[in-house]
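This report describes the structure shown below, beginning with the terms that the description relies on. Please keep the sequence and the model in view while reading.

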Amino acid sequence: MWIEEPGSWRYPAAFWEGAELCLRIGAAQGIICGTPKPIPLIRDLVLGRKGTDGKRTPREDVVITRGSTFENSANLSRGFLDALRSQYEGTNLGRQELHAEILEDIDGALWTYELIEQNRVTEHPVLPVLAVAVDPTTSLTGSGDE
């Protein structure tokens, strides 16, 4: 199995359940490539599964190979690399996209990734009908202001 960019999938957990069935034969192997976004699937694969105690246990069935964008510099134009450096180097997005880091929590953030995941909503109650009305001013001569 070879899959690309699971961090960008709309429903990564659902897709992964199906994709993982490709690995049910004993000698089967899979390759997963992509940006290491801190979604539960990527965190479980890279950092290990979370137990009932909240601690992560490293997975013995996963081998992690990381590579930065700059390790591929022989295949990229100098101008492209310079543009990436000037725009992203030293930023959190640069750490993730260029240096293949899984960004856990950002210092000073109001919410942690864990808090967001614990409170993620997949269903919502039926919402009442909401109407928005606009009452522009006008005059008999049609010269009202907008």
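A residue is called buried when its relative accessible area is under 20%, exposed when this is over 50%, and partly exposed in between, with a 1.4 Å probe and protein chains only. Leucine 110 counts as exposed because its relative accessibility is 71%. The model is a predicted one, in which local features need pLDDT of at least 70 and side-chain atom pairs count only at pLDDT 80 or more, while totals for chains, interfaces and linings use all residues. Residues are numbered from 1 along each chain as its sequence is written, and side-chain values use heavy atoms, with hydrogens and water left out.

Helices (H or I, at least four residues) and strands (E, at least two) are DSSP runs, numbered from the N terminus. Helix H2 covers residues 40–47, and its buried residues are Leu41, Ile42, Arg43 and Leu45. Contact here means heavy atoms within 4.5 Å. Isoleucine 42 touches Pro6, Gly7, Pro36, Lys37, Leu47 and Ile102, with residues up to four places away in sequence not counted. Just after H2, glycine 48 has a positive phi of about 105°.

A nonpolar core is a set of buried Ala, Val, Leu, Ile, Met, Phe, Trp, Tyr and Cys residues joined through side-chain atoms within 4.5 Å. The largest such core has nine residues in all: Ile3, Trp9, Trp16, Ala19, Ile39, Leu41, Ile42, Leu45 and Ile102. At least two residues of this core come from each of H1 and H2. H2 supplies the largest share, three residues. In soluble globular proteins, nonpolar side chains tend to be buried together.

**Salt bridges**

A salt bridge is a side-chain nitrogen of Lys or Arg within 4 Å of a carboxyl oxygen of Asp or Glu. By this rule the model has five salt bridges. The table presents some of them.

| Pair | N to O distance |
|---|---|
| Arginine 49 and glutamate 20 | 4.0 Å |
| Aspartate 44 and arginine 56 | 2.9 Å |
| Arginine 78 and aspartate 82 | 4.0 Å |

The salt bridge between arginine 49 and glutamate 20 links distant parts of the chain, since arginine 49 is in strand S3 (residues 49–50) and glutamate 20 is in helix H1, 29 residues apart. Arginine 49 is partly exposed because its relative accessible area is 44%, and glutamate 20 counts as partly exposed at 30% relative accessibility.

The salt bridge of aspartate 44 with arginine 56 ties together parts that are 12 residues apart in sequence, because aspartate 44 lies in helix H2 and arginine 56 in strand S4. Aspartate 44, at 26% relative accessibility, counts as partly exposed, and arginine 56, at 25%, counts as partly exposed as well.

Arginine 78 and aspartate 82 both lie in helix H3, four residues apart, or about one turn of the helix. An α-helix has 3.6 residues a turn, so residues three or four places apart point the same way. Arginine 78 is exposed, with a relative accessible area of 62%, whereas aspartate 82 is partly exposed, with 35%.

**Residues in the loops**

Is serine 68 buried or exposed? Serine 68 is buried, because its relative accessible area is 15%. This serine lies in the loop between S4 and helix H3 (78–88). Serine 68 touches Leu98 and His99, again with residues up to four places away in sequence not counted.

Arginine 24 is found in the loop between H1 and S2 and counts as exposed, at 63% relative accessibility.

Two residues other than glycine have a positive phi. Phi of glutamate 5 is near 50°; glutamate 5 is in the loop between strand S1 (2–4) and H1 and, at 30% relative accessibility, counts as partly exposed. For alanine 100 the value is about 60°. Alanine 100 lies in the loop between H4 and H5 and is buried, with a relative accessible area of 12%.
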